[in-house]
Amino acid sequence: MRIAFIVQRYGAEILGGSEYHCRLIAERLALKHDVEVLTTCARDYVTWENEYPEGTDRIRGVTVRRFKNAKTRDINAFNQYSDWIFHHPHTRDDEMSWLEQQGPWCPALLEHVNKHHRSYDAMIFFTYLYAPTVLGLEIDPSRSILVPTAHDEPAIHLEIYREMFSKPAAVAFNTEVEKNFLKTSFEFRTVAEETIGCGVDLLPDQAQPDDPEPEDDEELHKRLAGHLRARGAQFRRRHRLLGQFLLYGGRIDPGKGCEELIEHFTSYKEQGGEAALALMGVKLMQLPEVPWVRFAGLLSERERLQALEAATVVVVPSPYESLSLLALEAMAVGTPVLCNARSAVLVDHCVKSNAGLFYSNTDEFIEGAKLLLADERMRDRMSRNGKEYIKRNYRWDVILSKYDKLIGALRR
């Protein structure tokens with residue numbers, strides 16, 4: 001079948017968020033279907049500036065068609081307008097103006113969808129928030145699958161989204177938490193729905209069958225302790241991380257909880273904590289110039305997974321998540337997670353997996369970090385629990401069969 005993915009940004013170097021999620025799904029479906037990605041020329045989600053060349057590209061086996069944005073975003077003006085529209089009475093035209101100011105504003109992409117939508121068996125729209133989805137879903141709802149990647153935030157309560165959620169023929173929810181929120185907040189008129197999420201890749205040496213469990217608990221503890229000391233040695237050497245450390249990966253941005261994370265970790269250090277904090281990804285905020293904060297930069301996919309394996313604990317500070325590939329990939333490589341309790345999705349992952357702890361304030365962050373850092377046996381148990389959780393819920397064969405089921409439902 002011929003399938004189009006419509007997403008606001010797309011690139012091998014975009015390693016977080018819904019864009020990364022979209023790429024993982026597109027690459028896997030391309031092994032079986034004729035897949036094409038329709039996206040903009042933007043690399044930066046703040047400005048939507050056209051950085052990639054317009055036209056057709058081939059990325060990791062997937063055809064990518066890029067279209068130039070008609071304008072860039074003035075983030076300060078947009079934030080001021082958002083503050084007004086979220087707190088004052090307004091019209092639908094005001095909301096459409098907000099959508100255009102938010103960007104990406106790409107009439108050429110929508111024109112392509114309008115001309116060619118009948119040539120696709122399915123069009124999969126990633127992320128509810130942006131104009132390509134809001135306006136693109138209007139073109140041919142019967143061929144459209146929406147992957148909302150949604151959470152409760154001010155924007156989702158605008159009336160344009162109430163209209164939008166009623167349009168797609170099928171919806172792929174990330175988690176039951178996301179599904180319950182959306183189904184109780186909006187009216188859907190779908191012919192098919194699935195809770196799918198995303199598969200999680202492992203490093204090649206971790207894709208092998210597990211070793212047989214030793215009969216003796218003490219033998220198991222020794223084996224795992226030795227393995228954990230060796231984990232991620234290359235990443236540790238490269239970034240001079242000789243002791244224990246917490247790791248965050250993704251956009252280093254106040255909106256992802258990173259500013260609060262730095263505050264929590266500073267308090268942990270002030271109380272005598274010895275671990276370091278490492279951050280990998282695109283830096284969109286200033287980091288303190290202290291020896292216990294290490295910025296690893298934007299890493300390749302393999303390096304990023306090695307970093308997750310090297311970490312003592314992976315911290316997920318975002319209060320807004322619809323899935324959190326960071327948490328799932330940490331579990332896949334056997335690293336416990338420490339998550340922001342304001343995200344119901346993250347709490348659900350921790351409770352169902354028993355592979356992490358969650359915090360709602362500074363004191364809980366410090367106590368959670370100290371407990372995980374001090375108790376190696378607990379980390380060993382969480383490591384096994386996390387891997388089992390991934391195997392049960394996020395295997396690629398299960399994920400892809402659910403997408404095939406949704407696509408098939410459109411053809412009935």
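This tour moves through the structure in a series of selections, beginning with a sheet and ending with salt bridges. The model is predicted.

**The sheet**

Begin by selecting the strands E9 to E14. These six strands form an open sheet, and their order across it is E11-E10-E9-E12-E13-E14, with parallel pairing. Which strands stand at the edges? They are E11 and E14 (356-359); each has a single partner strand, so one side of each is left without a neighbour in the sheet. From one strand to the next, the twist averages 25°.

Now select residues 337-340, which make up strand E13. This strand runs parallel to E14, and four bridges join the two. To view one residue pair, select Leu 338 together with Leu 357, its bridge partner in E14.

**A helix across the strands**

Next, select Ala 307, a residue of helix H11. Is Ala 307 buried or exposed? Its relative accessibility is 0%, so Ala 307 counts as buried. Set aside its neighbours within four places in sequence, and the residues in contact with Ala 307 are Phe 235, Phe 245, Leu 247, Met 280 and Leu 299.

From Ala 307, move to Val 282. The two residues are 25 apart along the chain, and 15 Å separates their C-alpha atoms. Val 282 belongs to a nonpolar patch on the surface, which it forms with Leu 284 and Leu 298. Together, the residues of this patch have about 240 Å² of accessible area. Select Leu 298 to find its place in the loop between strand E11 (293-297) and helix H11 (301-310). The relative accessible area of Leu 298 is 48%, and the residue is partly exposed.

**Salt bridges**

The last stops concern charged residues. Side chains of opposite charge can pair when their charged atoms come close. How many salt bridges does the structure hold? There are 26, and the following selections show some of them.

- Select Arg 23 and Glu 27. Their side chains meet in a salt bridge, with 2.8 Å from N to O. Both residues lie in helix H1 (residues 17-29), and because they are four residues apart, about one helical turn separates them. Arg 23 is buried, at 0% relative accessibility, and Glu 27 is also buried, with a relative accessible area of 12%.

- Select Glu 36 and Arg 65. The closest N and O atoms of this salt bridge are 3.0 Å apart. The pair links distant parts of the chain, since Glu 36 is in strand E2 (residues 34-40) and Arg 65 is in strand E4 (residues 62-67), 29 residues apart. Glu 36 is buried, with a relative accessible area of 6%, whereas Arg 65 is partly exposed at 27%.

- Select Lys 183 and Glu 193. This salt bridge has an N to O distance of 2.8 Å. Lys 183 lies in helix H7 (residues 176-185) and Glu 193 in strand E8 (residues 192-195), so the pair ties together parts that are ten residues apart in sequence. Both are partly exposed: Glu 193 has a relative accessibility of 25%, and Lys 183 has 37%.

Terms used:
Residues numbered from 1 in each chain as written. Predicted model: local features only at pLDDT ≥ 70, side-chain atom pairs only at ≥ 80, totals over all residues. Heavy atoms only, no water. Patch = residues over 30% accessible without salt bridge, like charges linked within 9 Å, V, L, I, M, F, W, Y side chains within 5 Å. Areas by Shrake-Rupley, 256 points an atom, 1.4 Å probe, with all protein chains shown as cover. Salt bridge = Lys/Arg side-chain N within 4 Å of Asp/Glu carboxyl O. Buried < 20%, exposed > 50% of the residue type's maximum accessible area, 1.4 Å probe, protein only. Pairing = 2+ DSSP bridges. Axes fitted to C-alpha atoms, helices over the stretch in contact; angles between N-to-C directions. Contact = heavy atoms within 4.5 Å.
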